[in-house]
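Please look at the sequence and the model first.

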Amino acid sequence: MQRIIKNNQIVDETWHLLPKDVTLDELTNCDDYIVPLQLWREHAHALKARDGGLGVWLDSDEEAEEIGEDVGHFQVIALNFPAFTDGRSYSNARLLRDRYKFTGELRAIGDVLRDQLFYMARCGFDAFAIRPDKNPEDALQSLKDFSVTYQAATDEPLPLFRRR
Amino acid sequence: MYVYDEYDQRIIEDRVKQFRDQTRRYLAGELSEEEFRPLRLQNGLYIQRFAPMLRVAVPYGQLTSRQTRMLAKIARDYDKGYAHISTRQNVQYNWPALEDVPDILAELATVQMHAIQTSGNCLRNVTTDQFAGVAADELIDPRPWCEIVRQWTTFHPEFAYLPRKFKIAINGSKSDRAAIEVHDIGLEPVHNAAGELGFRVLVGGGLGRTPVVGAFINEFLPWRDLLSYLDAILRVYNRYGRRDNKYKARIKILVKALTPEVFAEKVEAEMVHLRGGQTTLTEAEVQRVAKHFVDPDYKALDNLDAQLAELDQQHPGFARWRARNTLAHKKPGYVAVTLSLKPTGVAPGDLTDKQLDKVADLAERYSFGQLRTSHEQNIILADVEQSQLHALWLELREHGFATPNIGLLTDIICCPGGDFCSLANAKSIPIAESIQRRFDDLDYLFDIGELDLNISGCMNACGHHHVGHIGILGVDKKGEEFYQVSLGGSASRDASLGKILGPSFAQDDMPDVIEKLISVYVEKRTEDERFIDTYQRIGIDPFKERVYAANH
């Protein structure tokens with residue numbers, strides 16, 4: 001079982017992350033799923049009617065705006081980093097938090113490595129599925145990389161110039 | 001000069017710690033080459049032909065004597081006694097060992113310096129006019145705005161992994177010495193009818209493989225909205241800039257694809273949400289930063305025109321130097337002096353540790369302990385008393401800084417090229433040197449007058465060849481180094497990109513080619529016409545005919 005970082009702690013994963021080509025009939029009624037955006041587009045109604053937990057994941061080329069009005073339906077939103085150098089999900093994260101006021105779990109998935117965690121946390125991620133070949137205990141330390149930040153972001157709505 | 005407070009200092013110290021650990025993990029095999037690469041690049045560390053190259057940030061070109069001595073010490077202790085001023089006002093070392101870089105950064109942090117975001121696909125060092133704060137034609141001092149933008153760029157969490165690098169330049173004067181039109185974002189001050197300050201905002205300029213003069217997308221951005229607007233531009237770019245092809249990933253490609261009008265609409269759509277938010281700048285913050293850039297303790301002096309003219313009479317060498325290497329100052333009795341780093345036979349922009357120490361010393365004695373670097377790869381002492389000018393000249397001569405060639409053909413902008421850089425297709429330093437040798441007659445050089453000659457060793461265009469009046473680009477033809485020449489580029493106001501003259505030339509032919517181009521100009525020019533003016537009047541054909549005729 002994969003372990004993930006959630007709210008600064010390492011916990012066992014309980015959600016099932018479903019691939020892009022999944023179909024509705026592969027889902028059970030009670031399990032907790034993070035479904036691809038496409039499945040949500042096609043079967044929102046059926047997904048909402050299930051008893052299990054519901055999350056959705058967006059790839060880096062999918063836009064936060066598509067689920068902006070629906071965020072209340074999701075316990076988890078996961079944003080994919082196909083490569084850690086692909087920075088689009090940082091902007092999606094900020095839009096979901098700052099603009100669409102998503103308050104559930106915002107999880108980074110994909111090529112998630114410790115040296116990017118500090119930036120991710122600033123953009124509103126509170127859960128990190130560290131790449132399986134890396135140690136999540138080590139990664140936790142990087143959430144403390146900086147003790148001061150200049151910009152306003154999701155974790156700190158005031159820029160330093162309004163605090164210094 | 002901006003002075004760090006405890007927050008600024010803590011940020012760079014945190015960075016040293018972070019990078020020390022990243023380097024340790026890389027050397028221990030915990031971080032792969034691929035994982036470490038973007039991390040080291042965002043600390044200015046390239047792996048080059050012979051050794052890593054470390055690029056140290058000189059924010060908008062400002063240095064103190066104390067910092068300059070540290071740069072000298074690093075050249076001495078970790079390099080082979082050299083440093084190089086880059087075309088973006090930064091300082092580069094070509095020989096540090098990778099293992100030493102955390103220690104170098106720790107030493108830099110003791111003088112409020114760092115290498116943050118000097119490379120990589122992120123927000124880079126902000127650049128400006130090397131005469132900021134002293135130029136006679138200045139509308140506002142751009143340096144407080146540069147510092148405000150610098151802090152905004154530093155570890156911006158949303159924009160650390162952009163499609164490609166991102167460069168912002170800010171101009172504060174009537175003329176544009178910061179080349180803002182060839183930057184990803186260019187900013188310059190403008191006042192509205194009510195007398196309020198705002199910025200004209202340009203996006204999508206840049207050199208490299210696809211040179212583009214940017215487009216102004218906002219004619220009046222209120223100063224309070226500056227950072228929110230930058231957030232908006234960067235968010236649009238971060239989300240929609242191309243990531244499938246690194247040669248099409250700069251913002252200029254996105255702006256072109258969307259058109260500047262549509263790009264501006266997308267930015268405005270973001271601004272609807274961001275305007276009036278907490279990132280809106282405050283009077284207090286601008287004041288806090290601006291107080292670091294107030295005038296030094298200038299004396300009440302008069303201009304010494306007559307005395308200097310008399311010195312000119314006595315010392316023709318001084319006269320020549322004064323004509324080229326000094327610029328009028330906003331304060332009577334003062335003058336801004338450019339130290340040429342372009343003597344013949346030295347790689348343009350290079351200086352030794354001893355020279356750096358000397359520059360620090362001269363700045364202390366002649367210019368309030370402060371100096372600047374320029375994108376033309378020279379050094380400026382901005383606040384020299386006119387009464388001391390002759391004494392300064394004598395000292396500069398002694399230390400190799402008094403070549404009277406600022407703005408002339410031999411003041412060549414040049415990248416490190418194939419001698420050092422692993423990207424280069426061809427050498428650039430030897431080309432610069434062979435041209436400098438051909439034009440070593442000072443009378444002839446002065447007669448030719450103002451001319452920007454820029455050399456890049458590959459199409460990444462670090463030597464800004466597209467915007468040279470004469471541009472030279474190193475190209476690889478079947479494993480051999482050739483040079484393509486372009487004419488008519490300009491980085492100043494109403495910037496333009498050079499036009500390619502024709503087929504490329506062998507290295508040995510380059511001095512002849514340049515000489516032929518100059519001879520056309522000398523024959524065709526009217527009085528007071530610079531090379532670029534003559535070119536614009538007569539076009540490229542006469543130059544083409546002369547250069548290629550001789551080949552038959």
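The sections below cover the model, its sheet, its helices and its chain contact.

## Basis of the model

The model is predicted: local features need pLDDT of at least 70, side-chain atom pairs count only at pLDDT 80 or more, and totals for chains, interfaces and linings use all residues. Residues are numbered from 1 along each chain as its sequence is written, while chains are lettered from A and ligands numbered from 1 in the order in which they are written.

## The sheet of chain A

In chain A, 8 strands make up an open sheet with mixed pairing, in the order β2-β1-β8-β7-β6-β5-β4-β3. The edges are held by β2 (9–12) and β3 (16–17) of chain A; each has a single partner strand, so one side of each lacks a neighbour in the sheet. Strands (E, at least two residues) and helices (H or I, at least four) are DSSP runs, numbered from the N terminus. Two strands pair if DSSP finds at least two bridges between them.

Strand β1(A), residues 3–6, pairs with β2(A) in the antiparallel sense over 4 bridges. Ile5(A) has Ile10(A) in β2(A) as its bridge partner.

## Helices across the sheet

Helix α1(A), residues 37–49, lies across β4 (33–36) and β5 (54–58) of chain A, at about 125° to β4(A). Angles run from 0 to 180 degrees between N-to-C directions, with axes fitted as lines to C-alpha atoms, for helices over the stretch in contact.

## Contact between chains

Chain A brings 29 residues to the contact and chain B 28 residues; residues are in contact if their C-beta atoms, placed from the backbone, lie within 7 Å. On the side of chain A that touches chain B, α2(A) gives the most, with 5 residues.

Notes:
Contact = placed C-beta atoms within 7 Å.
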